[in-house]
Amino acid sequence: KSAGPLLRSGKQPRRRPVMAIDEFLKRVYPGTAEEFCGLAAKAMLTGEKLFVVTANPEILMHACREQDLRDLLLSESAAVVPDGISVVKAMRLCGLPAQERVTGVDLAERLLQKAGEAQKSVFLLGAREEVVSALAGKLRARYPGMTVEYCNGYVEDKDAAFERIRQAEPDLVLVALGAPAQERLIARHLEEFGKGVFIGVGGSFDVLSGSKRRAPAVFVRTNTEWLYRILREPSRLGRFYRNNVKFLGEVKKAAKAARQG
């Protein structure tokens, strides 16, 4: 399936939301993480093409304002999963079915394990050179039959990096450039591929490589990893307000409209 028109790159102007948030929430996968992982693993193992968008409040708020991301999230070419508990709760507030979050780091870890066991090929794009090379080395040591190629996220021409990926024809492509840049990059090149599972995974390489610890289990279990990140990096607070708090406001408006509906 086509990804539709090529997505624009570059910084987008800030505008007020022009589309109700529930229109995007309707596209979000409502099942369990285990179920979705099974679907994604099947696509990878059978040579299908699948583009996974791990949706958090930030990318959903961008999509409300920006036409290219709106088209992407509403397109049949993208499978959208709830990357955070706030998205799951938003779905429920709007009367939509939702079981649990499907985080990018958990999905990536499970699919890497499946790819390793099946001796599939993987391409890693993103993060600093020392981080992505450490992850590649870790995967090669753990799964000798797996083919692993990589490129750090600081190369100037990331579209050229995708040409390397196209030539490699990997079964799994993980892009760690942060949202929504990683989703835009994947969408621009998706039509060039006949197979492969493509996922934007944000900062997951840091955790998967062992360069950075994931939040302690209590934060993971209580779905408060966002709080742990803010406590560790207070500079995130402004970004949290710009996206999560405003997202909550849009969800409340959509839920009210649904009740009056």
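I started with Asp 68, which I found in helix α4 (residues 67-74). Helices here are DSSP runs of H or I with at least four residues, strands are runs of E with at least two, and both are numbered from the N terminus. Before going on, I noted that this is a predicted model, where local features need pLDDT of at least 70, side-chain atom pairs count only at pLDDT 80 or more, and totals for chains, interfaces and linings use all residues. Residues are numbered from 1 along each chain as its sequence is written, and side-chain values use heavy atoms, with hydrogens and water left out.

Is Asp 68 buried or exposed? Asp 68 is buried, because its relative accessible area is 4%; buried means under 20%, exposed over 50%, and partly exposed in between (1.4 Å probe, protein chains only). The Asp 68 side chain makes a polar contact of 2.7 Å with the side chain of Arg 184. A polar contact is a pair of N or O atoms within 3.5 Å; within protein, one must be able to donate a hydrogen and the other to accept it, and residues adjacent in sequence count only if both atoms are side-chain atoms.

Next, the sheet. I traced an open sheet of six strands, paired in parallel, in the order β2-β1-β6-β5-β3-β4. Its edge strands are β2 (78-82) and β4 (147-151), and each pairs on one side only. Pairing requires at least two bridges found by DSSP. β1 (residues 49-55) and β2 pair in the parallel sense over five bridges. Across that pair, Phe 51 stands opposite Ala 78, and Thr 54 stands opposite Val 81.

How many residues of β2 are buried? Five of its five are. One side has Ala 78, Val 80 and Pro 82, the other Ala 79 and Val 81.

Then I looked for the nonpolar cores, meaning sets of buried Ala, Val, Leu, Ile, Met, Phe, Trp, Tyr and Cys residues joined through side-chain atoms within 4.5 Å. The largest has 45 residues, and Phe 51 and Phe 162 are among those with the most contacts inside it. A second, separate core of 38 residues includes Leu 139 and Val 201.

Last, I checked the cysteines. I found zero disulfides, a disulfide being a pair of cysteine sulfur atoms within 2.5 Å. Cys 64 counts as buried because its relative accessibility is 1%, and Cys 151 counts as buried at 8%.
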